[in-house]
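Me: Could you walk me through a few parts of this structure?
Reply: Happy to, let's take it one piece at a time.

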Amino acid sequence: MAIKITGVGSYIPTEITPNESFEKNDFYNEDGTRFNADNKVIIEKFKSITGIAERRYVTENLNNSDIGTFASKKAIEDSKIDPEELDYIILAQNYGDVKHGSNQCDTVPSIATRVKQKLGIKNPMCVAYDILFGCPGWVEGMIQANAFIKAGMAKKCLVVGTETLSRVVDPNDRDSMIFSDGAGAVIVEKTNDEGGILSHISATYALDEAKYIYFGESFNPNASANISYIKMLGRKIYEFALINVPKAMKTCLDESGVDIKEVKKILIHQANEKMDEAIVKRFYKLYGQEMPEYIMPMTIDKLGNSSVATVPTLYDLILKGEMKNHNINEGDVIIFASVGAGMNINAIVYKV
C-alpha cells in the first residue's frame with residue numbers, strides 16, 4: 001500500500017504584473033521615512049535578489065475560494081475520481097476571501113467549505129477545513145492527509161493551497177513586489193502501488209521567530225492605522241531559513257532511507273531565488289555533495305511568491321511538461337519543502 005497523489009491541478013491568474021508596474025509607487029521605510037532611492041534602482045535591486053520579474057494577480061471578480069475551486073476541479077478531473085467519494089477537503093490559506101477594494105479578511109465559513117459548495121459536493125461526511133500554517137500550509141495539508149489515510153479515517157483527500165496575497169499587500173512597502181496569487185490542488189489516496197509519502201517533518205519556531213511575518217500598519221505615515229497588511233522581517237527570515245531548512249530537509253531524507261543521489265527534484269517554496277539556492281546548496285553540503293544542475297525548478301521569476309500555492313503549482317507544471325529542462329517520472333524521488341510564517345518549516349520525501 002502507498003499513499004500517493006493521483007491527480008493534480010493548478011490555477012495561474014491571468015493578470016500579469018511586471019516589475020515596471022511599481023515604478024510610480026511611493027516606497028517608505030519601516031520608520032515612516034521616504035525611501036531615498038529612485039524606484040527604478042529599487043526595482044532593479046529587488047530583481048537581482050529575488051529573481052522576480054513579474055507576478056500574477058487575480059482579476060477583480062475573483063476571490064480566493066474561486067481560484068481554489070478552479071484548481072480543485074482540475075485535480076479531481078485528473079484523478080478521475082467521483083468528488084462525492086472525498087473524505088476530506090484540507091485547504092491551506094492565510095487571509096480568507098478578500099474582495100477587491102476591501103480591506104477585510106473573510107474566513108467564515110471556511111474557504112474549504114466554500115470550495116466544497118462551489119464543487120457541488122453533497123456528501124456531508126466529506127469534511128472541509130482550513131489550515132493556517134503560513135506558506136508551508138499545503139505541505140502540512142499533505143502530511144495531515146497522509147495521517148488520516150494511514151489511520152484508516154480516510155481513503156481519498158483533496159489537498160488545496162490557494163491565496164490572493166495581492167489583496168493584502170502594502171503598496172508603500174517594497175516587499176509588496178514579492179507577493180502574488182495562485183492555487184494548486186492534489187488528490188491524495190491509498191493505492192496498491194509502491195512509493196508515495198516516505199517520510200515527513202514539521203516544526204514551529206515561535207519563541208523569538210513568531211513575528212518574523214506578521215500583519216501590520218502601512219509604512220506610509222499618512223495611511224490609516226486601522227488597516228493592516230502583510231509584513232515581514234526579510235533579513236531575519238533569510239538567516240533563519242538558511243540555518244534551519246537544510247537541517248530539516250536532511251532529517252526528513254535520512255528518515256526516508258533514500259540516498260541523496262536518488263533525489264530527482266526538490267520542489268521548494270519560493271519567496272527569494274537567492275535564498276532558495278543557498279538553502280539547497282547547504283542541504284547538499286551537509287552530505288558533502290555539490291548541488292546538481294536542474295535539481296531545483298523555479299517559477300518565481302514569472303509567478304512570484306504565491307504562498308501555499310507555489311509548491312503544488314510547480315508540481316503540476318512539471319507533470320504537464322510546462323517546465324523547460326524539468327520532468328518527473330514514475331519511480332522518481334522528490335522532496336517537497338517549505339518555510340514561512342510561524343515560523344514554520346516542513347518537508348516531505350515522496351516517491352512518485
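Reply: One term first: contact means heavy atoms within 4.5 Å. Please keep in mind that this is a predicted model.

Me: How far apart are the end C-alpha atoms of helix H2?
Reply: H2 runs over residues 64–79, which is 16 residues. At 1.5 Å a residue, H2 should span 22 Å. The model agrees with that, as the end C-alpha atoms of H2 are apart by 23 Å.

Me: At what angle do the axes of H5 and H6 cross, and is H5 oblique or parallel to H6?
Reply: The axes of helix H5 (residues 234–256) and helix H6 (residues 273–285) come within 9 Å and cross at roughly 40°.

Me: How do the residues of the contact of H5 with H6 divide?
Reply: Among the residues making the contact are Ile-237, Leu-242 and Met-249 of H5, with Met-275, Ile-279 and Phe-283 of H6. The residues of this contact divide into 13 nonpolar, no polar and three charged.

Me: Is Pro-221 buried or exposed?
Reply: Pro-221 sits in the loop between strand E9 (213–217) and strand E10 (228–232), and touches Tyr-28 and Gly-32. Exposed means over 50% relative accessible area. Pro-221 has 53%, so Pro-221 is exposed.

Methods:
Residues numbered from 1 in each chain as written. Predicted model: local features only at pLDDT ≥ 70, side-chain atom pairs only at ≥ 80, totals over all residues. Heavy atoms only, no water. Helix = DSSP H or I, 4+ residues; strand = E, 2+ residues; numbered from the N terminus. Expected span 1.5 Å × (residues − 1). Axes fitted to C-alpha atoms, helices over the stretch in contact; angles between N-to-C directions. Nonpolar A, V, L, I, M, F, W, Y, C, P; charged D, E, K, R; others polar. Buried < 20%, exposed > 50% of the residue type's maximum accessible area, 1.4 Å probe, protein only. Lists of a residue's contacts leave out its neighbours within four places in sequence.
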